[in-house]
Amino acid sequence: MLDLSKYQSIGEALRDALDQFSGEVCLIEADREREKERLTYRDFKERAHPLAKALQYGGFSAGARASIIMTNQSKWLLSAYAIFSAGGVLVPLDYKLTPDEQWQLLKHSGATALVTEYPIWRQLSGSSGRAAATNVQTVLVTEAPANADLAGAERWEEFRGSGEPAFVARKRQDTACIVYSSGTGGRPKGCMMTHENYLEQCVALTSIYPFWPGVHYLSILPTNHAIDFMVGFFGPFTCGATVVHLRTLRPEYVREAFPKYKITYVSLVPLVLKNLQKGLQARFDALPPGKRKMFNALVRLNKLLTKSQPRLGISRRLLKQVHEAFGGELHTIIVGGAFSEPQTLQFFYDLGIPVANGYGLTEAGTAITVNDLKPFRADTVGKPLPGMEVRIVNPDTDGVGEVSVRSKTIMAGYLDDPELTAETIVDAWLLTGDLGRFDGAGHLLLTGRKKNMIVTEEGKNIYPEDIETVFESLPVKEFCVFATNYIWPKRSMVGEKLVLVLHLELGQQYSDELRQDINTRNNRLLNYKRIQGVVLLDEDFPRTASLKIKRNVLAERLAKLDSAAVILPL
Amino acid sequence: MRTLEQTTQEVLDLAAKHFQLPAGSLAPGDDFFKRLGIDSLQTLEMLSRLENHFGIELPDYEVQGVSDFKTLAERIQSRL
């Protein structure tokens with residue numbers, strides 16, 4: 001691994017990695033059963049440099065911002081490196097957002113260039129939101145068909161400059177990426193992540209979960225997500241490892257990829273991990289009684305032998321068939337993005353497959369705590385990573401309070417929002433809005449949220465403010481969206497949902513017509529953002545002098561109601 | 001060559017069968033996430049069934065943002 005303490009920027013470290021590991025394979029890209037690309041670090045450099053040169057010809061200079069909206073593939077990483085080596089700031093956006101949401105964030109970020117895929121561009125270019133984001137001057141589109149209407153974009157494949165691009169140096173404190181943790185419908189939260197944030201996070205993570213040449217990392221989480229950016233790009237690249245991209249996430253092809261590419265690490269969101277558990281459990285249940293008994297005995301023996309720490313060699317021999325289905329080389333499953341249920345984590349560990357569950361948020365540069373597996377604990381999110389100071393603010397008698405963090409991985413602030421930054425980072429401590437406590441062994445246990453938001457099992461952060469716009473002009477006196485956990489706190493991080501609180505006009509009934517209107521609007525939201533119930537409140541919402549709803553006061557009033565009785569299904 | 005109506009009907013029939021719902025219980029405008037109570041992973045599984053049935057390849061990006069049977073059927077129709 002490169003000694004990252006020597007480097008000032010992501011681009012500088014990557015530049016050296018491309019030379020140091022030139023003969024190693026850095027990327028494999030497969031589409032279903034077909035392998036489309038296999039690039040060495042040398043090939044990667046040869047592909048990325050002409051793009052960096054062309055960007056520079058086009059006037060892209062130090063501090064300029066460029067966005068990537070792409071699915072996981074080699075051109076994502078090639079484009080990112082070209083942007084960094086040209087001194088640019090990367091704005092990775094979620095390809096699953098709607099075109100209007102993407103334009104809104106493109107506008108807010110001030111990106112002058114956009115790299116995207118043709119199917120995404122088809123939708124983006126036809127969206128009315130485009131008119132507002134006039135800052136986006138250059139659009140590069142990958143894989144466009146020969147006769148495609150590019151709607152003002154240029155072909156990524158033809159956007160090449162000749163000669164060596166000039167490497168543009170950046171300092172550790174300069175912004176490397178603007179990563180949106182939320183804000184598609186309301187107040188955009190563009191986390192300004194510095195080069196130092198990434199360099200320090202990478203050192204901390206790889207001290208516990210190292211990469212090396214020969215490691216095959218399967219990249220499934222979107223690369224715009226902080227976790228995949230770190231463990232599916234920057235981490236493996238600075239260690240000479242290989243990243244495997246799949247162009248389809250159909251479960252059958254994901255399953256095939258493990259043995260085919262001898263996967264060492266993979267990161268999954270809890271939803272996918274649970275699905276994997278379900279599939280495996282069904283196969284175990286289908287075993288004939290004799291074999292089942294034998295299998296269960298082997299699992300028990302494995303549990304006993306791995307009680308204090310993982311013993312991969314032993315587990316692979318004891319539970320050979322299970323491990324062979326995962327390619328026989330799987331070292332660890334990294335799970336993140338949302339809270340994982342302990343029984344799912346334990347299921348995999350009992351099979352001899354370590355699961356690195358942790359806790360983090362974009363604002364803190366990916367991970368804050370992680371399970372070091374010494375010993376494995378399914379009930380916690382692990383211990384603070386090296387370099388992270390974590391403390392509990394205002395703990396109650398059980399020791400539960402708000403989790404706060406201080407480290408070199410904390411963002412510089414929210415883009416163009418000093419007020420929100422000042423509320424979130426106080427005296428260099430990041431207030432996470434999550435509630436938790438430490439146990440005697442120094443492990444962090446999360447118990448709920450202080451902030452009004454939910455995280456889905458797919459790892460999506462949903463803030464009520466972001467989805468309220470869809471209910472604007474609803475024919476009621478007033479409305480407000482809440483996370484149920486925020487109103488009725490329960491010591492759990494799973495099964496979180498959003499509800500719409502309505503105050504009807506005097507004499508107005510909650511009619512079928514109104515319910516239908518709510519349903520129609522709700523369906524306009526992406527499926528994971530939808531509200532799941534309605535609460536009727538027959539009193540005026542408390543408001544500030546500027547007529548903003550006092551959400552915390554309203555939540556206190558709602559908390560006095562019985563949640564089981566007042567939430568009406570849609 | 002199937003018509004769009006035929007394709008839509010076959011999509012509905014197949015989804016009903018796959019998720020063990022009574023035949024004819026799904027409508028073209030139904031939101032399949034909501035109607036079937038499925039998540040994004042189960043949707044991908046359903047797509048694989050549809051691909052096998054129609055003998056086509058439907059890249060993941062073609063169904064990005066699609067949540068109703070009618071639009072899904074249109075995407076399939078364009079590849080038949």
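**Where chain A meets chain B**

In this predicted model, 16 residues of chain A are in contact with 15 residues of chain B, with contact meaning that the C-beta atoms of two residues, placed from the backbone, lie within 7 Å. On chain A's side, the elements giving two or more residues are helix 8 (251-261) and helix 9 (270-285) of chain A. Helices here are DSSP runs of H or I with at least four residues, strands are E runs of at least two, and numbering starts at the N terminus. Helix 9 of chain A supplies the largest share, 3 residues. By type, that side of chain A splits into 5 nonpolar, 6 polar and 5 charged residues; Ala, Val, Leu, Ile, Met, Phe, Trp, Tyr, Cys and Pro count as nonpolar, Asp, Glu, Lys and Arg as charged, and the others, Gly among them, as polar.

How about confidence? The predictor gives the complex an ipTM of 0.80 and a pTM of 0.87. Chain B has a mean pLDDT (the predictor's confidence in each residue, from 0 to 100) of 87, and 100% of its residues reach 70 or more.

Residues are numbered from 1 along each chain as its sequence is written, and chains are lettered from A and ligands numbered from 1 in the order in which they are written. Local features need pLDDT of at least 70 and side-chain atom pairs count only at pLDDT 80 or more, while totals for chains, interfaces and linings use all residues.
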